[in-house]
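Dear colleague,

I am handing over the structure we spoke about, followed by my notes on what was found in it. Please read the notes with the model open beside them.

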Amino acid sequence: MLLEQLINGITLGSIYAIVALGFTLVFGVLGIINMAHGEIFMFGAFIGVIVTSTLKWPLWAAFLVAIVATAILGYLLERFALRPLRGKQGVSHLAPLISTIGVSIFLENASHHLFGAGNQPFRNSFAEINFQIGSITVYLVQIVIFAISIVLMMGLSYWLLRTKAGKALRATAENLETASILGVDTKRIIILTVIIASALGGIAGILVGMAFNSVNPQMGLSMGLKGLAIIILGGMGNVKGAMAGGLILGLAETLVVAYGDSGYRDAIAFITIIVILLLRPQGIFGKKSAAEGR
Amino acid sequence: MLAELLNPYYLQIGSFILINIILAISIYVTLSSGQLSLGSAGFMGIGAYTSALVTIHFDLPIIVGVIVASLVAGIFGIIVGLPSLRLSGVYLAIATLGFGEVMRVFFVNWESVTKGSVGLSGIPHIGRELLNLFRDAGLDPSSIGLRNNQFVYLLVLILLLLITIFIIWFFVRQNNSRVGRAFAAIKMDEKAAEAMGINITYYKVLSFTQGAIVAGFAGSLFAHVLAYISPADFAYHRAVEILIFAVFGGSEVILGAIFGATFMTLLPEALRVISEYRYMIYGLILIFMMAFRPQGIITENMVQWLKKKFSSKRGKSHGSRN
């Protein structure tokens, strides 16, 4: 029983980690909390529903379409909500936060009109396939989700650490002006960051659809707030922290549902935010200086 | 004649505008010391639930409920505000947002007291209580040619108007006082303000708590005007709505908050067509405002300019008389 719960928790946690990665990339490079990330994630999930249920295309096509669509959303977000604020005189540091809240409200309600307000079933061909290992049941979906998450995280880490674009991104995150002086096309890097973060959100959306078999317009908000909790837990802008934080939150939520009061499941993330912010504002994996000056 | 003018629907909208103005002031007060709190909806919920529960279960008069609600919201304000001092800017916004969500989850789950997501109904209505009061005093609405419900809504509107004017007057006065100047100094530059000898901790918690009290107060009025509340009334959307009042109208001056709340309450009512797309439009407004006019429609400069224009005109008319 405990082992089964742990597997559930890790599955959920790995999805959380991918959502949080999108947050943390944008925060690392731009110093902005992208409140619209949850809604982009939700759009990814709905696109998955449309592609698999309405168009009856295979699952991999759903991933492709969702990645492209959320990447476009990410570009639009950067172009219309973030770029106009950048480098403008007298704009407070709260302006991008408010602006992305605007995007999130817009997208959430647009999806009410586009996809309907209720739950939409997310069907995939292998939802019921499972294995018995000893006394525990493992669903194939869980393994697929976990595998995709691991591949994504490893790919992203490799890309950030080893490739030229990844190094440019990290340089920009370190110091935008210096990176720009040293010949990094920071404008391009910023666009790239938001696009990659959004595409990660889109992938996570389909994974959530696969895991819970249902998608609704409100899931963006709760997932967005949980993503926030995770990056605060793991340290803002910290890639490894986001991965670990996601797993911790996923496990904590699953265990509370299994052994405690399921109604308070959604409160865990926020209580975590408050406790972490008060005790260790830089996050579990963050450096001290990260929390200051913003 | 009066009876035809006083459409209960318009009176009701008027009451909502006034409650929203009070809410907008609650976020304005915290912003005036440079803190962005997204917890107003949470404090509003605390106020609404406290007042509703107190009046339903202990049969106390509404005014006691409202006072208790404001106090409880204020205590929560201190509890949240004091540790939040360590946070600034974006971090404070997120922590207060988290606080609001935690409160909502508690309202939903504490079913024995809050009746969960069904919400509380049968909350004493301010207008009906006032009507009974007037009846006892021997004044019947029909004697001045009004129907009962017109009279009720009119009473609510007048009462709220008086309360709102008092709150606005209080904060305008405060702005020109030692406290208001301390808030402004902290907003400009916290370190410089500290170097000038301003007790930052005290004033930041003060402004945060004032915001909480005002939001809780507005929440309790909300409960007694609607007579029905549910956790959904105090969710994230409410927090964003309150934020929009201040951001759209302008958060530098109290007039901005008043204008924002009035305009944003009237907009969906005036244009029924758009009320379905209301939140989409809210979203676009936030994006456009941040891109083109991040300080809001009404700014400090504008108020100064209006004042100058107004006073110079007055001066001229004086001159011609002499």
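**Notes on the model**

Just after helix α1 of chain A, G31(A) takes a positive phi of about 70°; helices here are DSSP runs of H or I with at least four residues, strands are runs of E with at least two, and both are numbered from the N terminus. Please bear in mind that this is a predicted model, in which local features need pLDDT of at least 70 and side-chain atom pairs count only at pLDDT 80 or more, while totals for chains, interfaces and linings use all residues. Residues are numbered from 1 along each chain as its sequence is written, and chains are lettered from A and ligands numbered from 1 in the order in which they are written.

Chain A as a whole comes to eleven helices and four strands. Its radius of gyration is 19 Å, close to the 19 Å that the globule rule gives for 294 residues, so chain A is as compact as a globular protein of that length; the radius is taken over C-alpha atoms, and the rule is 2.2 Å times the number of residues to the power 0.38. Along its principal axes the C-alpha trace of chain A spans about 60 × 45 × 35 Å. Buried residues make up 51% of the 294 residues in chain A, where a residue is buried if 20 or more other C-beta atoms lie within 10 Å of its own, exposed if 12 or fewer, and partly exposed in between, with C-beta atoms placed from the backbone. Among contacts in chain A between residues at least 6 apart in sequence, 77% join residues at least 24 apart, a contact being two residues whose C-beta atoms, placed from the backbone, lie within 7 Å.

To return to the helices of chain A, α1(A) covers residues 2-30, and at 1.5 Å a residue its 29 residues should span 42 Å, which agrees with the 41 Å between its end C-alpha atoms; the expected span is 1.5 Å times one less than the number of residues. The buried residues of α10(A), among them M243(A), L247(A) and E253(A), pack against α1, α5, α9 (219-234) and α11 (265-279) of chain A.

In α6(A), residues 164-174, the buried residues are L169(A), T172(A) and A173(A). Seen down the axis of α6(A), these fall within an arc of 100°, so they line one face of the helix, the arc being that of the directions from the helix axis to the C-beta atoms. They pack against α1, α5 (140-162), α7 (176-181) and α8 (186-212) of chain A, whereas K164(A) and E174(A), on the other side of α6(A), are exposed.

Strands β2(A), residues 130-133, and β3(A), residues 136-139, run antiparallel and are joined by four bridges, where pairing requires that DSSP finds at least two bridges. I133(A) stands opposite I136(A) in β3(A), and in this hairpin, which has two residues between the strands, G134(A) takes a positive phi near 65°.

Most residues other than glycine have a negative phi, and two exceptions may deserve a look. N213(A), in the loop between α8 and β4 (214-215) of chain A, has a positive phi of about 60°, and with 15 C-beta neighbours inside 10 Å it counts as partly exposed. D59(B), in the loop between α3 (40-58) and α4 (62-84) of chain B, also has a positive phi of about 60°, and with 8 C-beta neighbours inside 10 Å it counts as exposed.

Finally, the contact between the chains takes 31 residues from chain B and 36 residues from chain A. On the side of chain B that touches chain A, α5 (89-109), α12 (236-249) and α14 (278-292) of chain B each supply at least two residues, and α5(B) gives the most, with 13 residues. The residues of that side divide into 25 nonpolar, four polar and two charged, counting Ala, Val, Leu, Ile, Met, Phe, Trp, Tyr, Cys and Pro as nonpolar, Asp, Glu, Lys and Arg as charged, and the others, Gly among them, as polar.

With best regards
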